[in-house]
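Subject: Structure for you to look at

Hello,

I am handing over the structure we spoke about. Please open it below, and then read on for what was found in it.

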Amino acid sequence: MLGLPSITASKCLIRKFPIANKLRAAMAEVYDDKVTVCGGRDEEYSDSCFSLQQGHWEPGPTLLVPRAYGASVILTNGSMWISGGSKSFSDYLSSSEILVSGSSIWGKGPELPTPVSFHCMLQFN
């Protein structure tokens, strides 16, 4: 079990996520030392990314494809890689996107062998 300090609502100074109800099925990582959340959905699928900076959500680079239910991982070079997911109900994606550390534009990543959603990724050395 991780030894994390307890946080109560009265101590939490993080502002509400800027896109109401879109946090469902989003991909998230600690990228460039900031919590970064991308994609997600409610009725619409999102291509937005936001980073938490000093208690405020700041807009980040827009994904190439709106997606939810994808997976993300931070690579050994610090890049954020997002893969798969879906762009609408049961329309799964085989595409992936990479945000190189320090960059402000998502680039096309490798194509997955098959469309996939509801999966996970991890860095393994």
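The link of C38 and C49 is right-handed, with 120° about the S-S bond. C38 lies in strand 2 and C49 in strand 3, so this link ties together parts that are eleven residues apart in sequence. The sulfur atoms of this disulfide are 2.2 Å apart, and the count of disulfides comes to one. Please keep in mind throughout that the model is predicted.

C120, in contrast, is exposed, with a relative accessible area of 65%.

Some background on the chain. Of its 125 residues, 37% count as buried. Among contacts between residues at least 6 apart in sequence, 44% join residues at least 24 apart.

The core

As a general point, nonpolar side chains tend to be buried together in soluble globular proteins.

Which residues does C49 touch, leaving aside its neighbours within four places in sequence? C49 is in contact with V37, C38, E58, P59, G60, P61, L63 and W106.

The loop between strands 2 and 3

D42 sits in the loop between strand 2 (34-38) and strand 3 (49-53). D42 counts as buried, because its relative accessibility is 15% and buried means under 20%. A polar atom of the D42 side chain lies 3.1 Å from the backbone nitrogen of E44.

Salt bridges

Side chains of opposite charge can pair when their charged atoms come close. How many salt bridges does the structure hold? There are two.

One of them is formed by R67 and E97, whose closest N and O atoms are 2.9 Å apart. This pair links distant parts of the chain, 30 residues apart. R67 is in the loop between strand 4 (56-59) and strand 5 (71-74), and E97 is in strand 9 (residues 96-99). R67 and E97 are both buried.

In the other, the side chains of K108 and E111 meet at 3.8 Å, N to O. K108 counts as exposed, because its relative accessibility is 67% and exposed means over 50%. E111, at 46% relative accessibility, counts as partly exposed.

Aromatic pairs

A search of the whole structure finds two aromatic pairs. The rings of Y69 and F118 have their centres 4.6 Å apart and their planes at 35°, so this pair is tilted. Y69 lies in the loop between strand 4 and strand 5, and F118 in the segment after strand 10 (107-108), so the pair ties together parts that are 49 residues apart in sequence.

Y92 and F118 form an edge-to-face pair, at 6.3 Å centre to centre and with 75° between the planes. Y92 lies in strand 8 (residues 91-92) and F118 in the segment after strand 10, so the parts tied together here are 26 residues apart in sequence.

Y92 counts as partly exposed, at 38%. The ring pairs link Y69, Y92 and F118 into a cluster.

If you want a place to begin, look at the link of C38 and C49, then at the salt bridge of R67 and E97, and then at the cluster of Y69, Y92 and F118.

Regards

Note on methods: Residues numbered from 1 in each chain as written. Predicted model: local features only at pLDDT ≥ 70, side-chain atom pairs only at ≥ 80, totals over all residues. Heavy atoms only, no water. Helix = DSSP H or I, 4+ residues; strand = E, 2+ residues; numbered from the N terminus. Buried < 20%, exposed > 50% of the residue type's maximum accessible area, 1.4 Å probe, protein only. Polar contact = N/O pair within 3.5 Å; in protein donor to acceptor, adjacent residues only side chain to side chain. Contact = heavy atoms within 4.5 Å. Disulfide = S-S within 2.5 Å. Salt bridge = Lys/Arg side-chain N within 4 Å of Asp/Glu carboxyl O. Phe/Tyr/Trp six-rings, centres within 6.5 Å; stacked < 30°, edge-to-face > 60°.
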